[in-house]
Every structure is written in C-alpha cells, then in structure tokens.
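Open the model in a viewer and follow the stops below. Each stop says what to select and what is there.

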Amino acid sequence: MKKLSIPQLGYYAYAFKTVGEELGFEIVVYPTNKETMGLGAKYSPEGVCVPFKMIMGNYAQALQKGATDCFFIGGYGACRQFCYSHLYQLLFKKEWPDASFHILYRENFKKVLETLAGEKLTYGQILKAALKTIYKVWLVERIEDWSWWYRPREKHKGETTRVIQECFKLMEKGKGNFFTYRRKFKNIKISDIKPIKIGVVGEIYLLIEPGVNCELDRLLGESNAYIHKYIRFLMEVLRMLHLDRFTLRSDHTTHKLAEPYLKVSVGGHGRSSVGDMVRYAKKGYDGVVHLLPFACLPEISARPLLKKISQEYDLPLLTLSFDEMTNISQIENRVEAFCEMIKMRKAKQGFLKKTNSMSIKQVF
Amino acid sequence: MKIGIPRALVTLKHLKLWTTFLEKLKVEVVLSPVTTREILDQGLRYAEDEACLPVKIAIGHALWLKDKVDKVLIPRYFSLYKNEWGCPKFFGLPDILESYGVPCVTVMVGREYESGIVFVNYLERVLMDLGEKLGKSNEVSEQAMKQAIKAQKEHEGEMEKNYQKLLSFKKEKILLVSHEYNLYDPAINLGITGMLEERDCAVIPVDWIPFKFQPRHSRWDWWMRWDFGTAMYERVKKLIKKVEGVIQITTFACGPDSFLCEFVSDICNNAEVPYMKLMFDEHTASERIRNRIEAFLESLRMRKWK
C-alpha cells in the first residue's frame, strides 16, 4: 500500500484521510508545528512565501515517517501558487530523488489516483470517495463554526479547545457523527457575555492552518471575540464548480462591493479580501483582522485599499503578516491589544448613545 | 491637457510607445526624471513596507508627478502574450495610487484573464482605447498609433543591432538577467553595468536577445505563465552556451523572482555556467556589490586559466 503525503490544511487533513481509505492508499496526517517550519525553511529557497515553505515541511516530515508519494495541485491564476508544483518537482529531484511527485490537473486526476491505488478505478468509486470526503469537510467546518460561537462565551477557559481535540481524535479513528459532536459542544457551560464580532479576511492557507497562524481562532476567542470567516474550503470548492451564485456570498456580489476600491482582480484572494471587508463593515462588525504571508503578492496589493476602507467606514483593522520566524507571543500581544481597544471603543460609544438619548430632566 | 509618465516599472519597457503616441495626439507629456533620492524617499514613505523596491520607486515617481500634471498614465500590464499574465502588483497599482490621491488614467494592456477576451494585435487595441479615453477621434488616434508602434519597433531593432555587435566582441561575455525596470534603473542596480564594463567585460542585458513567443497548447510544457518569466527563461536558454557567466539581479520581496531564480540557476547548473544572484533593496551599498562582482570575475578567470 502506498503512503501519500499531502499538504496538511489544518483540521481538514482529518477529512482528506477518507479519500485514501476509500480508494486503497494511506494518507499521512501530521499536524503542522514548529518542527515543520524549521524543515520547510531548510529545504526551500529563501524568497518564496510561507505556504510553500510549510507544505515543503509537511512533505519532509511525512517522508521521514515513510511516505513514498507526494502530490500538489497545478494551479491557475496570477498568484505564485500556480508555479508551486513545478518548483517542488525541481527541488524533489535534488533532495529526494526516490520519492515520486505527482501534479494533479483536471485532465490527469484519474490517472494519478489509479497509480496511487495500484488498480483500475471507476468514476463511481471516485465520486463516492469525493462525496464522503465532502461530508467530512462539512463536519470539520461545522465543528469550527461551533467553536467560534462557544469559545467567547465559555465559563471555564480552555474547555472548547479540549472539546475540539476530542472531536478530531474521534474523527481520526473514523468514529462519531454530526450528533455526537453536537452533543459534546452542547455540554459546554456558557455565561451570558455579549462578545464582540470580528471578521477575518486574507490569504486562504493562513486562514485555515492553525499551525501557521499561531492558533488565531483560539487567541481571538479567548479575548471574547466571536469570529467569522468567509473564505473556507467548501466555499472554494463551490467557487471552483461555479456554484457560488446560489450562496449568499457569490463572486459577483463580492466584486461589486470591491468595485469602488479595486476594479480588477489582483490574483489569489486579494479582491475577495476587499469585498469581504466592505461586507463586514455593512453587516456591523466591530473589527477586521487581515492575515497575509510575508510579501504575498495579492494581499500586499490589497492592503492599502483595506486601510482606505477602514478609514471610510470607521472600522478597526489589524493586519498580521506571517513568516517562518513569527512567534505566538508576538501575535498574542497584538490580538489582545486589538480586542481590548475594540471593547473600550464600544463602551465609549454605548455611553455616548445613552447620554444623547436621555432628556435633560433625567440628567439633572 | 498634461499627462505624466513615470519612468518606472513596466512602463520602461514601452516608454517610446507611450511618449510618441501622446505627443502625436498633441498632449503635453511630462516624463519623470531618473530616480533621485527625493523620489525614492517619497516612495518609501507612502508605499507598503512589504512591497518590493520597484513598486516603491514607481509610487515615488507618481507622487512626484502628482502636482505637475492633470493625470498620470499608469497602464495595467495584464499580459503581453496569449494565456500568460504579469505580476499582480502591476494590476492593482492604479487603484493603490488613487487611494494615495494621485489622479490616474489607466488602460488595460493585454487582456483580463477572468473575462477570457484575447486581443490579437494587443498594442494597437490598447493605444486605440487610450485615445478614446482621452477624447480623441478615431482617425487621429489611428495615425498616432501607427507612428508610435513604428517608433517602438525601431527602438527594438536598435537593441537587436547592439546585441549582434556585442556577440562579436572578444571579451568575456556576462549575461545580466532581470526585468527591464531593474536593468535600466541605476537607483535599483547601483550602476552594475558600469562596474562590469570597467573590469573589461561585455555585458548583455537579457532583454536585448530577440525573442518570439510561441503559444503552447499542452499543459505539460505550459507551466511558466508569467509573460516576463517565459521571455526570460527562453532567452537564457537560447544564449547560455555563448556566455561565460550569468548574473541575476533581484530585489528583496520580489515574488516572481523567488521562483524564477531557481529555474534560471537550474539552466546554468545543467550547462555548467557560473551563476550569481545579487539581491538589492533600498539599503544596499555599492561597495558590497563591487566586492561580489570582483570575486565572481576572479573566479571566472581562474576557471578559464585552469
């Protein structure tokens, strides 16, 4: 049986494991951590962006664990990502000539899956595996949703984090379903705090990989912030299939919202960052956090425009740029200060509203 | 009407085209000077701190032009060849400059890849669009367009002549690999061409090598999709047997170059030609570069002597 190493997209790796189980090969799941960063930075060129280095680190770790095959998707778009797979191929020839590297395109995905499985596959099998994986991905996203809701409201700090870990341990073993996970979350005791609302925009890899973004979800949640993200894996799948027009957040509306600031695409998620920030501003969120890898081409182009939106809508903005040297305490400090600032601001605004609405008789 | 053209970024590639076209339309053209310390400082103050040096300089140029002209011409360089595209920083530059309060007039160069429209004679279409945006009649802009394209072609022919002359020299030939805006801006490359010529080398800038784009149809040999990347890769591949050394100029935090350097150095390794990568940013001192060039040339000569 072949062992396949994949880019570990945060918790989604637990869901992707299902593809291997269905089609007859093993997928190595190994959470991204400090060690991954070190290995990735060691094997990749210095100037490339953080996602490249981290995925390289994932491959290196998996190969140490005995993986034989690696794969990456061939991309399309103005972001550097379209070139990733070919640079990986070049570097693999130098570092690990024994390991075979597959590039997955729309034209050849069946061939690649057949070489991995070692037997002929029918489209029915592939479709069944894909649907099962999508169900698991949906579950992962629901777990994240609940964690965002429960974490700012929890009575005992750290309880939600514990529950999430329990859930994913069950999922890795292949046990549990929607209702077992839901029951686990319902057992968390909550207090009646009104959390602040924060939207998170930025580059997709940093949004969904807690090992690289220093567990930003946890940091924000523990400072009593309910967070929301538009860019997630299932949403991207829908966008790829052009089904996003049936959802509340279609590309068309995003582009329309971004129009006054950014008229064209800047590749990657640059345009949707701008559009989503306007959307958050219109929905009455209290603040926006923008995540980007160091020197990310699309997000660097979008950042001055986000600053402009922040001024125009009077919406606080925190931009965090990550590279392999980023430390958790550095991010923690900035996030905590940002949340405190928003709370102070809200309290002040509430006070002003109260005094304005009171009549003179009530004051004296 | 006064229109300013910044002497920075990709506009440098088609400088002759834009200036002749606007002059023939009887529009007053103000060309920003070669980058000075003042312009660089202005750019550094306004631009994003993680942006690359050429973009910072371009923002400095546009801010210098801001008070002197009615509008600044910043073309959006989407793509120069079919199914290829440029750096995303070129696409968003007009929007970024407008957020800094610079009045811009933009025109799409190539196509927007999302809409899927492909221009066949892209430069002609681009110039006609620009003429329409400036409120000129079709006949006037068509005449100006023809003269502008002729001037640009003459300029390119001159470069080719120079290239043939350079190849016949009996000196050591060094290939300088980079983008146009790094090769011709002394504020970025600190006069590296002069330094090499002082030490008795014939310097061949990579964009002097003639190149004709051939559209590719198979996915497998269609992996390099930056227009400048394709041109650079093919040109280096063409000339690698005829040169003694390759020097690549990159700037700090340049996205495409972080990938391109690896591919160019791979070609050089396969052909066994010495390769050096020089990284520049706003703090680079010319002494450091001089040292490295001397060491590189020394090692080249030692290699020959052996």
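Predicted model: local features only at pLDDT ≥ 70, side-chain atom pairs only at ≥ 80, totals over all residues.

Select helix 14 (residues 297-313) of chain A and helix 4 (residues 88-99) of chain B: their axes come within 9 Å and cross at roughly 10°. Helix 14 of chain A is therefore roughly parallel to helix 4 of chain B (roughly parallel means an angle under 35 degrees). The crossing of this pair is left-handed. Show side chains next: L297(A), I300(A), S301(A), P304(A), L305(A) and K308(A) meet P88(B), K89(B), D95(B), I96(B) and S99(B), contact being heavy atoms within 4.5 Å.

Residues are numbered from 1 along each chain as its sequence is written, chains are lettered from A and ligands numbered from 1 in the order in which they are written, and side-chain values use heavy atoms, leaving out hydrogens and water.

Now select helix 4 (residues 84-95) of chain A with helix 11 (residues 255-271) of chain B, which pack at about 45° with axes 11 Å apart. Here Y84(A), H86(A), L87(A), L90(A) and K94(A) meet F259(B), E262(B), F263(B) and D266(B).

Last, select helix 12 (residues 251-258) of chain A, where T254(A), L257(A) and A258(A) are buried (under 20% relative accessible area, with a 1.4 Å probe and protein chains only). They cover an arc of only 95° around the axis, which puts them on the same side of the helix. On the other side, H252(A) and K256(A) are exposed (over 50%). Helix 13 (270-283) of chain A is included in what covers the buried residues.

Conventions:
Axes fitted to C-alpha atoms, helices over the stretch in contact; angles between N-to-C directions. Helix = DSSP H or I, 4+ residues; strand = E, 2+ residues; numbered from the N terminus. Parallel < 35°, antiparallel > 145°, perpendicular 65-115°, else oblique. Left-handed = near helix turned anticlockwise from the far one by under 90°. Arc of directions from axis to C-beta.
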